[in-house]
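My notes follow in the order in which I looked.

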Amino acid sequence: MTARFDPSWLGDPMSAMLTIKRLAVVLVAASALAACGSGEGISTPASKGRVFKIEPGPNATGDMVAASVSAAPKDVIEFGCGYFDLSSGLLLQNTEEITVRGCGREKTVLSFRNSESPEGILAINVRGLVIEGLSVLDSPGDAIKMKGVDHGTLRNVRTIWSSARKQENEDTITKDNFKDKLEVACTDPARNEYAKSRDYTVSRNTGRYGIYPVESRNILVENSESIGASDAGIYVGQTNNAIIKNSRAAYNVMGFEIENVQGGEYDTNIAECNTGGFLIYDLDALTQYGDRSRMFNNISRNNNSYNFNSGGFVGNVPRGVGFITLSYDRIEAFNNIFENNDSAGMILTSYELVDPGLADKKIDFYSEGVHIHNNKFINNGNRLPLPDLQTILASGGSDINSALPLLMGLKNVASLDLLNGAGLYRGGHIVWDGLYDELSDCPYPVDSNGQPVPKDARGKPQLTNEHPNPSCHYNAYKFNAEGERIKPEWFTCINDNEFVSGSTPYLNFHGIGGLEALDLLGGNLSGDALIAVVKGIPQLRASADISVHDCQAKFGKVPEPLPPVVIPPFTPSGNASPAPSDQEIARLCGASVPATAINSAALGVNCPTLDQYNLFADPEDPRSAPNGGGVPYSLTSKLFSDYSNKYRVVFLPPGEKAIYKSAKEDGANAAILFPVGTVIAKTFAFTDVPNNTENSVETRLLIKRRGANGQVRWDGLPYIWATENGRRVARLTLGGGQASVSWDFTDLDSNVAHKGSTPSYAIPHANQCITCHTNDDVEAGSAPIGPKVRFLNRAYRSESSLPTGQAQHPVAGVNQIQYWCEHGLMTDCPTELGVDPNTQIAMALNERIPIFNKPGDSGAEPNSKQDIEARARAYLEVNCQHCHNPRGAASNTGLYLDTLRAVNTNYGVCKGVTAAGGEGTGGRDYDIHPGKASNSVIPFRMGTNDVTARMPPIARSVTHEEAVVLIEQWINTVVDNSYEGADACSGNGRSLLQRLMPG
C-alpha cells in the first residue's frame, strides 16, 4: 500500500500534539510498506530484488524513507521523472547491492532545499551501491555522502546548489524552471565577493561537498558533475582505490579533491570556474595517509572564482590555481591541460610553508615522488591576486590564500629576470616552494604496545591517527646509507611539458628565504635593499631553472609509471535474511501471553504497535513497571534531546546474563555485552510539573536478533505515541516524525529550572538510529551506546520528579553495577566494587564519568579546573563520542571525544576543521582554541540550530544552553597553552609566513 496521512493520529489536541511536518512520512502505511515489501508503488521481478517506485508529489518523502528503511540486497529505489521537493534525506545503512536511480540527471531532480537532514543522500556501511541518473539540489550540507562504502558507483549524477543559495530570487531552481537552470556555463567567474558572474553566483551558504565518498573502498565516479559546493565539488577521502573520470566540477571552491587516498585516479575530467581545479594532498590527524595517484587527460581552466569557503585547508587555497599538492607521495600527472588560471597552473607546496606548527608528527610535510610530464600549460599565473594587506595583517600572516600569492609575486619581482619572463608580479605555469627535508635522527615510530608500526615496500611507516604521536618526524626511508636522498624516487621530476609563451614556465620561490632581510610587508623597501637584491640575496630571488627537475639528465632515469587503479569485481556477501511475511508478523504479534510476561516470540519481528510486545504493566504508559524482569537504568550524564526526560529499561531473556565489559580493557566503545533476545526500551517524555503531567512522545526499542542466516544484529524500532479513540497507542513509525512539545520542570541534578517549547521535536527514522549506534568495533546494527560501565556507575534514580512505576523499582537508590551483579543480571563482574554508601559510586572500578551539571560530582573540588574539565568531557562523550571516535560515523573528521584519551590534537586542541564549507565553522578556526571559546568550533556547533552546522545533527531542535556555557567555561578558563598541541594555534611558528609579521 502507499503511504497516506491519517488525521486521527494527531491525538488529543490539548496534549503536546504530535505533528507530522512531512505529511508523507506516515505512521502505519509507511511502516507497512517498509515491512511487507509489496503493494502499490513496488514491483518485484522474479530473479532480482524489489523496485520501490517513487513519484513526485506530497507522498514522495514518506515513500522514499520507507523504501530506504526496507531496502534489501538487489533492491532498487527508483525515482520517476520530475522535480521532488523532499523534507528529509535519503539514508541507506548496513545493507548491500542497492541501486538508487532516476530518469537521468536532466529529468529527475531531488530538491532538499526544505530538508531538515544535513545530507541529501547518505550511505553508511553499504556494499555494492549504485547511484545514477539524477540530480541532487540544494542540500543543507553534503549532497551525496558515502562513508564506509565498498564498491560504490556514482554514474550520471549531478549535485548542484541554486545560484546565490538561500536568496529567494530568480536564480533559485524550482520545479517550474529546473529544465533551464541545471546547465551552468563557465565564462566569467567572480574574482571577488563584490563581482557578479553572468553564469553563476557562488555563496558561502551552499553545502560543503557535492560528491563525497570518505573512508570507503573501490569507488567509481563517472560522467557526473558538481556545481556550487563551498568546499569540494567531487571529493574522495581516506579511501582505497578511487577513480574519478569523465566528470565536471564548476563554481566550487575546490573542483576535485583527493585527500589521504591510497590509490587514486583522475581521468578525463574538466575543472573550471572553481577557486582551485584539482587537489591531491594529505590532511593531518586522519584515519590514514595517502599514496599513489594518477592524473591524466584532464582539463583545468579558468579556475578563478574567489574563495568562498569558511575554514579548513581548502579555505586557504588562493584563487586561480589549476592544481595544488602538499604532503602526498607518488603523483603522476600527464597529458593534462592547464589554462587561464590566474595564480598558477600547478602549485607544489608543503606544510613547512603553510602550517609547520602541526602537532601531528606522523604526517610527512612534503609531496615527493611527483612526476609531471607531457602536459600543456597556457596563460597561467598572469593575473596573480593583488595582496589584501589588511587581511594579512589582521590574521597575523595566517591568511594563506592572501599571503601565498603575495609571497610568489614578491619573489618573482625580486628575480629581476625580465628577459626570461620573470621579474613581474605574477605566478607561473609550475610553482614550487622549494622546500624539502634533510635526514633527521628520529627513531622509527612504534605503536601503543611499543612495537614498530608496519611499513610499505619503500620503508615508509604506515601510520594512522590511532598510533601514538611520535616526538619528531621520522624520514630515514628517503635516504640511503650515506645519508643522501634517494632520487628520483623522493624528488619531483618535470619533463616533456609544453609551456606556451607569455607566462613564467617555472618558479621556485624558496619559501620565505631571504625575506627576513627586508621589511617588505611593512613597506620599507629602501634603495639599499634594492641594491642588495640586485647583488643577490640567494633565496630572495625566485629561480626559473627548471633543469633541476630534469631527472633523466641528472639521475639517468625518471620514476616508473604508476600502475592504473583497478577496482575488482563486486562479490555479494550472501548475509541477507528474508523478511517475514505479513501473516507471520500478525500471528506472532497477536499472540496471547500472561499479564506479567513479555511476548518473547514476537521479538524477532517488527510489531505494528508497542503494546504487542507486552513490555510494560500498563500498555498505555511506558513509564509503568516493566514486565518480564525488566530493570530500569539511568546514566550519569545523558544525551540531550530537547529537554526530554528519559525512561530506560533493559529486558534480558529468561535465564540469560549480560557480560561486564570495561572500557580500559575493551576500548572506549565497549558497552555491556547483552545476549540475543535482549530488548532495550527508551521512552522520551516531556514533563510539566506544575500541571503534574508527563507526555510520552516516543519509545525507541533496540532488539538483539539472530537472523535466519545466523547473523546477529541490533535492530532499532521507533514507536510514536498518539491518542486513538481515547486510548494511548504507540505505533511503529519507521519513517520517523516530528512533534510539538513543551516542558516545565527542575533538573534533579543541577536544580536548574527549565521551561520552554518547540514545534519541531524530531523523531528519527529507523535508519537514523544506526547513524549514532553503529561503530566498526561493536556488534552489527544499532548497538547500544548508553549501557557502559562508566555511564552506569551511579545509583538509579528516575530523571523526573513525578511518581511512576519505574521509580519504585527495587534498583532505586542502589548502585546499578552492584545491583546487576548481585541479582544475577551480569557476569564477569569485578570481585571488588567498593560502593560508597553515601554517594553509591563504585569507587574501586575507577571507571566513571561525572554528572555534567553537578559541580563536584567528578570527585574534585566543585568548580575547580579539574572538576570543570571532567564534567565538560563527560558531556562531550555522552553527546558526541558515539560518532566522534575512530570507528564511528564521524571518524573521518579525526576529532575523537572519549574521556579515556588525552586532550590533545585528536581531541580538538588547535585542530583545524576537516570539512567546513558553508557556515559550518561560524568563522572559527579550530575545534578547540585554548583560552578562546569565541574561536572554537565545538561550542559554536553546539549552540547553533542551523541544520547545516548543529551538533548533534539529529534529535535536537533547541540549544542546550547550560551545556554550551560549561564548554565555553572549560575552553576559556581551563584549556591553555600547556595542553599538547596548543602551540599549533598560539601563533608560535603556526606558519612560516607569520614569521614576517611584526612582533
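I began with the largest nonpolar core, which has 146 residues, and noted that Phe79, Tyr613 and Leu701 have the most contacts inside it. For the term I used buried Ala, Val, Leu, Ile, Met, Phe, Trp, Tyr and Cys residues joined through side-chain atoms within 4.5 Å, where buried means under 20% relative accessible area, exposed over 50% and partly exposed in between (1.4 Å probe, protein chains only). The largest share of this core, eight residues, comes from strand β8 (residues 121-137); helices (H or I, at least four residues) and strands (E, at least two) are DSSP runs, numbered from the N terminus. I also found another core lying apart from it, of 42 residues, including Val697 and Cys985.

The model is predicted, so I kept in mind that local features need pLDDT of at least 70 and side-chain atom pairs pLDDT 80 or more, while totals for chains, interfaces and linings use all residues. Residues are numbered from 1 along each chain as its sequence is written, and side-chain values use heavy atoms, with hydrogens and water left out.

I then listed what Leu701 touches (contact: heavy atoms within 4.5 Å); leaving out residues up to four places away in sequence, its partners include Leu610, Tyr613, Val679 and Tyr719.

Next I looked up Thr201, which sits in the loop between α3 (178-181) and β11 (211-214). With the sequence neighbours up to four places away not counted, Thr201 touches Ser163, Ala164 and Lys196, and its side chain makes a polar contact of 2.9 Å with that of Lys196. A polar contact is a pair of N or O atoms within 3.5 Å; within protein, one must be able to donate a hydrogen and the other to accept it, and residues adjacent in sequence count only if both atoms are side-chain atoms.

Turning to the cysteines, I took a disulfide as a pair of cysteine sulfur atoms within 2.5 Å, and by this rule the count comes to seven. Cys910 and Cys985 form one of them, with their sulfur atoms 1.9 Å apart, and the link is left-handed because the torsion about the S-S bond is about -55°. Cys910 lies in the loop between α14 (865-881) and α15 (937-943) and Cys985 in the segment after α16 (961-973), so the pair ties together parts that are 75 residues apart in sequence. Cys910 is buried at 5% relative accessibility, and Cys985 is buried at 10%.
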